Amino acid sequence: MTDPLLVPCAQCAGLNRIPAERLQDRPRCGRCKGEVLPAHPFALEQSAFSAQLKGDLPLLVDVWASWCGPCRAFAPTFEQAAARLQGRCRLAKLDSEANPQLATRLGIRSIPSLLLFRNGVEIGRQSGALPLPQLLAWLAQQGIAA
Ligand SMILES: [Zn+2]
């Protein structure tokens, strides 16, 4: 038995303790009863950003905007990545128009941008969309295996 992992809920950002062997079992949030680790990207709001940075799983953020064609074209790839990485990496989408202060704070100059955080620290950044195999390979280089 390993120590449970701390994982913020995708819906309410409440911290949950989840045994490692249960990460793939669609755990429910102790606070809101929603799915802690959905197989789809969740919407990241700037008000919840610091809470969503917590915990033991890495967080991959897709910074996008609805008017951005390349962002829309990348969305299905990001969806597929979320399904492949469920329980290993959390995937979130940050709408840069709805959350301009956070986008500025993160130094976003172009979209789509992919930002990877671990233990609250940015450990990787990728400007522009990637095909799924390259996205998974980039994450594997950071120690996150699909
Ligand atoms: Zn919750």
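N99 touches L44, E45, Q46 and L94, not counting residues up to four places away in sequence; contact here means heavy atoms within 4.5 Å. The model is predicted, so local features need pLDDT of at least 70 and side-chain atom pairs count only at pLDDT 80 or more, while totals for chains, interfaces and linings use all residues. Residues are numbered from 1 along each chain as its sequence is written, and side-chain values use heavy atoms, with hydrogens and water left out.

**Around N99**
- N99 sits in the loop that runs between β5 (90–95) and α3 (100–105). Helices (H or I, at least four residues) and strands (E, at least two) are DSSP runs, numbered from the N terminus.
- With a relative accessible area of 3%, N99 is buried. Buried means under 20% relative accessible area, exposed over 50%, and partly exposed in between (1.4 Å probe, protein chains only).

**Zinc site**
- C9, C12, C29 and C32 coordinate the zinc ion through their SG atoms, at 2.3 Å. Donors are N, O and S atoms within 2.8 Å of the metal (3.2 Å for Na, K and Ca); water is not among the atoms, so sites may look incomplete.
- Along the chain, the donors of the zinc ion follow the spacing C-x2-C-x16-C-x2-C.
- The arrangement is tetrahedral because the 4 donor atoms subtend angles of 104 to 115°. Four donors count as tetrahedral if all angles lie between 85 and 135 degrees.
- C9 is buried at 0% relative accessibility, and C29 is buried at 2%, whereas C32 is partly exposed at 33%.

**Nonpolar cores**
- The largest nonpolar core has 17 residues, of which L60, L85, L91, L114, L135, W138 and L139 touch the most other members. Such a core is a set of buried Ala, Val, Leu, Ile, Met, Phe, Trp, Tyr and Cys residues joined through side-chain atoms within 4.5 Å.
- At least two residues of this core come from each of α2 (69–84), β6 (113–118) and α4 (132–141). The most come from α4, with 5 residues.
- L135 touches L60, F74, A81, L114 and L130, again not counting residues up to four places away in sequence.

**Disulfide**
- A search of the whole structure finds 1 disulfide, a term for a pair of cysteine sulfur atoms within 2.5 Å.
- C68 and C71 form a disulfide with their sulfur atoms 2.4 Å apart, and both residues are buried.
- The torsion about the S-S bond of C68 and C71 is about 80°, so this disulfide is right-handed.

Notes: Tetrahedral: all angles 85-135°; square planar, octahedral: opposite > 155°, others 65-115°.
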